[in-house]
Amino acid sequence: MKTQRTIEEINEKIRRGEATVVTAEEMTEIVKSRGVEVAARDVDVVTTGTFGAMCSSGVFLNFGHSDPPIKIENLTLNGVEAYHGNAAVDAYLGATKMHPEKKFEYGGGHVIEDLVSGKEVELIATAYGTDCYPRRSVNTTITLDDLNQAILCNPRNAYQRYHAATNGRDELIYTYMGKLLPQYGNATYSGAGELNPLTNDPDYETIGVGTRIFLGGGIGYVTGSGTQHDPGAGFGTLMVQGDLKKMSPRFLRGGSFTNYGTTLYVGIGIPIPILNEGLARKTGISDSEIKTSLLDYGVPRRNRPILKDTDYAELKSGKITLKDRTIPVAALSSLKLAREVASTLKRWIEEKRFLLTQPQERLPSTGSLKPMKISRETLFAQNIMLPAVTCRAEEDIDTVAKRIVEKNVNHVVVVTSTGTLCGIVTSFDITRAVALKETKLANVMTHQVVTSSPDEPVESCARKMKKHDISALPVIDAEKNILGIVTSERISTLFGEYR
């Protein structure tokens with residue numbers, strides 16, 4: 001006989017202390033060893049958990065009225081700007097807003113952690129003054145206890161799964177997926193795999209508007225689908241909120257990604273009531289069944305190249321095979337704390353401290369993510385590159401100097417006999433060689449060349465030139481064949497025309 005039960009029936013078992021509660025990892029083992037039918041019959045609730053960087057997070061704060069009162073126009077908390085476009089003394093502090101003098105080190109996520117930790121936070125506010133709110137400035141310190149309300153309200157959390165990331169460029173890059181070494185030197189991923197909440201209820205049978213959850217060490221609620229909710233591709237998200245005053249700094253931590261920005265690490269756990277065999281089967285999913293793709297984040301485009309398909313079992317092993325190479329893989333989220341979230345939620349239910357809720361509305365299980373509408377053309381390296389003037393490393397200095405004059409260029413790309421890149425030489429390099437009576441081109445050319453791909457945005461090319469203090473980028477294909485060259489002069493000219 002097939003198992004069928006309701007949330008209220010499960011809650012009644014929780015009240016009596018008779019409910020069988022297991023974590024998602026434990027459920028995977030139960031389904032594997034005893035089968036779906038037995039798991040559905042014996043298990044009442046499966047607890048899930050994830051703990052990772054959730055950039056789309058923040059907190060609504062109400063400071064109360066000063067005397068005389070103020071209608072805040074500009075506001076910082078520990079030097080981090082908060083959004084003031086609410087009522088007089090309401091504000092929203094976003095996790096990724098950075099301190100102007102401590103960029104990549106301290107931001108909104110750290111302020112939230114400081115508040116939850118009971119620390120004093122400096123509040124500086126200014127205003128334009130009105131008849132009913134005459135005060136023009138406030139400089140004070142506050143703690144979480146001083147606030148009327150502090151509501152953690154996160155527009156997008158708990159991604160169902162994530163792409164893994166690596167980097168095919170010849171240089172180190174910094175991303176929201178962490179530091180990625182050149183030439184596929186490492187890979188990173190995020191998410192707790194078989195512990196992840198939406199992985200265990202991918203059709204949103206039990207997770208919906210009003211679902212009670214573990215949030216940041218306290219109790220929160222799902223308020224809807226999150227921004228960028230993309231269930232059609234298996235990338236569902238949640239919008240959640242809860243009382244910051246009842247949360248813990250163990251499960252809410254400010255974080256930083258070097259040369260990218262700040263964030264907030266959030267612990268989220270959701271109970272999945274086993275209402276039927278279908279849910280037992282879904283919560284029995286294993287890491288090897290959770291598929292994702294490894295993307296090349298060295299390509300700065302929305303649709304990055306897929307290098308291979310993988311799964312969470314391979315990612316969690318700490319290494320991944322790519323192009324006959326084995327490269328190390330690191331997690332950006334904490335599996336240890338994800339397990340602690342699931343175990344804590346399990347304990348709360350067993351201690352009758354946490355009852356399940358019936359969703360008031362199911363989340364959409366269809367739909368896809370639309371890209372941003374762009375009304376002006378975006379320029380890429382292939383749109384602005386010039387034909388590259390080339391030479392061979394064995395050519396003499398005088399020959400290359402004459403070519404620079406004849407072609408009226410400042411850069412000559414050095415290529416092999418097959419036309420692949422091996423260096424670059426500038427007019428300054430040639431001038432210096434002549435002054436020093438150097439005759440060998442190989443002794444003056446740059447061997448480690450910073451390059452561009454044809455589909456790299458012009459903004460990225462300009463940023464790369466500034467970073468390396470250079471004035472040109474050879475444009476190459478995947479085999480390092482020369483396609484052209486992008487120069488700073490070309491970018492300056494075109495951007496003037498573009499504007």
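Helices (H or I, at least four residues) and strands (E, at least two) are DSSP runs, numbered from the N terminus. This is a predicted model, where local features need pLDDT of at least 70, side-chain atom pairs count only at pLDDT 80 or more, and totals for chains, interfaces and linings use all residues. Residues are numbered from 1 along each chain as its sequence is written, and side-chain values use heavy atoms, with hydrogens and water left out.

Start with Asn167, in the loop between strand E11 (164-166) and strand E12 (173-175). Is Asn167 buried or exposed? Buried means under 20% relative accessible area, exposed over 50%, and partly exposed in between, with a 1.4 Å probe and protein chains only. Asn167 has 0% relative accessibility, so it counts as buried. Contact means heavy atoms within 4.5 Å. Leaving out residues up to four places away in sequence, Asn167 touches, among others, Leu172, Tyr184, Asp296 and Gly298. Its side chain also reaches the backbone nitrogen of Arg169, at 2.9 Å.

Side chains of opposite charge can pair when their charged atoms come close. A salt bridge here is a side-chain nitrogen of Lys or Arg within 4 Å of a carboxyl oxygen of Asp or Glu. How many salt bridges does this rule give? The count comes to 25. Arg169 belongs to a network of salt bridges that also links Glu171, Glu456 and Lys464.

Arg15 is partly exposed at 37% relative accessibility, and Glu12 is partly exposed at 34%.

Glu81 and Lys97 form another salt bridge, at 3.5 Å, N to O. This pair links distant parts of the chain, 16 residues apart: Glu81 sits in strand E6 (residues 80-81), and Lys97 in the loop between strand E7 (90-94) and helix H4 (108-116). Glu81 is partly exposed, with a relative accessible area of 41%; Lys97, at 38%, is partly exposed.

Finally, the side chains of Arg250 and Glu340 meet in a salt bridge at 2.7 Å, N to O. Where do the partners Arg250 and Glu340 lie? Arg250 is in the loop between strand E18 (238-243) and strand E19 (252-257), while Glu340 is in helix H8 (residues 335-350), 90 residues apart. Arg250 is partly exposed at 33%, and Glu340 is partly exposed at 24%.

Notes: Polar contact = N/O pair within 3.5 Å; in protein donor to acceptor, adjacent residues only side chain to side chain.
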